[in-house]
Amino acid sequence: MTNITSLQDILALKEDYDIEFKKALGKDGKGKLPDDFFETYSAMANSYGGNVFLGIKEIDKGIEIAGIKEPESIKKDLFDILNNKQKISANILKDDDVEVLQFDDSYVVKIHIPQATRQQKPIYKGQNPLQGTYKRQYEGDYKC
C-alpha cells in the first residue's frame with residue numbers, strides 16, 4: 001500500500017480485501033476499539049494482511065472522517081488485548097504498525113496488520129481456533 005499522508009489519500013480509498021474502515025467512536029464519542037476489530041485482525045493476518053482505519057465511517061457516496069478524540073486510549077486498549085492470550089492467540093503487531101493521523105482537531109488511527117507467517121497461523125480470537133479463526137475475502141471477514 002502506498003503511504004497515507006493526507007486526507008485526500010484516505011478519501012480516495014475504498015474497502016477491499018486489504019482495507020477496512022471502522023467508525024470506532026464508542027458510546028461517549030471519544031473513541032473505542034470496536035468489538036469486531038479482532039475478527040478483522042484475525043482475517044487479515046490469516047489472509048494477505050491489510051490496513052484498518054479507525055475513526056472513518058462509510059456513507060452512501062464513499063467515506064468521511066468521523067474522528068477519534070482520544071487515540072492514545074485506543075492504542076493502549078489494542079496492545080493490552082493483543083497481549084492477552086485469553087482474547088487473541090498472538091500479537092503480530094509492532095509499535096510502528098499503529099499510526100495516529102491528525103486532520104484538524106480529529107484523529108484517525110491506522111493499524112497495519114501484517115500477514116502472519118506460516119508458523120504463526122492461525123491467528124484466532126478467543127481461546128479456540130475452531131471457533132475464532134477468520135479469513136478475509138473482498139471486504140468481508142468470514143469464519144473458517
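Is K125 buried, partly exposed or exposed? K125 counts as partly exposed, at 30% relative accessibility; here buried means under 20% relative accessible area, exposed means over 50%, and partly exposed is in between, using a 1.4 Å probe and protein chains only. The model is predicted, so local features need pLDDT of at least 70 and side-chain atom pairs count only at pLDDT 80 or more, while totals for chains, interfaces and linings use all residues. Residues are numbered from 1 along each chain as its sequence is written, and side-chain values use heavy atoms, leaving out hydrogens and water.

**Salt bridges in general**

- Side chains of opposite charge can pair up when their charged atoms come close.
- A salt bridge here is a side-chain nitrogen of Lys or Arg within 4 Å of a carboxyl oxygen of Asp or Glu.
- The structure holds 10 salt bridges.

- You'll find R136 in strand β7, which covers residues 134–137; helices (H or I, at least four residues) and strands (E, at least two) are DSSP runs, numbered from the N terminus.
- R136 counts as buried because its relative accessibility is 5%.
- R136 pairs up with E20 in a salt bridge, with the closest N and O atoms 2.8 Å apart.
- E20 sits in strand β1 (residues 19–22) and R136 in strand β7, so this pair ties together parts that are 116 residues apart in sequence.
- E20 is buried too, with a relative accessible area of 9%.
- The side chain of R136 also makes a polar contact with the side chain of D141, at 2.7 Å. A polar contact is a pair of N or O atoms within 3.5 Å; within protein, one must be able to donate a hydrogen and the other to accept it, and residues adjacent in sequence count only if both atoms are side-chain atoms.
- Setting aside neighbours within four places in sequence, R136 is in contact (heavy atoms within 4.5 Å) with residues including D16, Y17, T40 and M44.

- K125 has a salt-bridge partner in E39, at 3.3 Å from N to O.
- That pair links distant parts of the chain, 86 residues apart: E39 is in helix α2 (residues 37–46), and K125 is in the loop between β6 (106–113) and α4 (129–132).
- E39 is partly exposed, with a relative accessible area of 23%.
- K57 and E64 form a salt bridge through their side chains, at 3.2 Å from N to O.
- K57 is partly exposed at 29% relative accessible area, and E64 is partly exposed at 31%.
- Salt bridges with shared partners join E20, K22, D36, R136 and D141 into one network.
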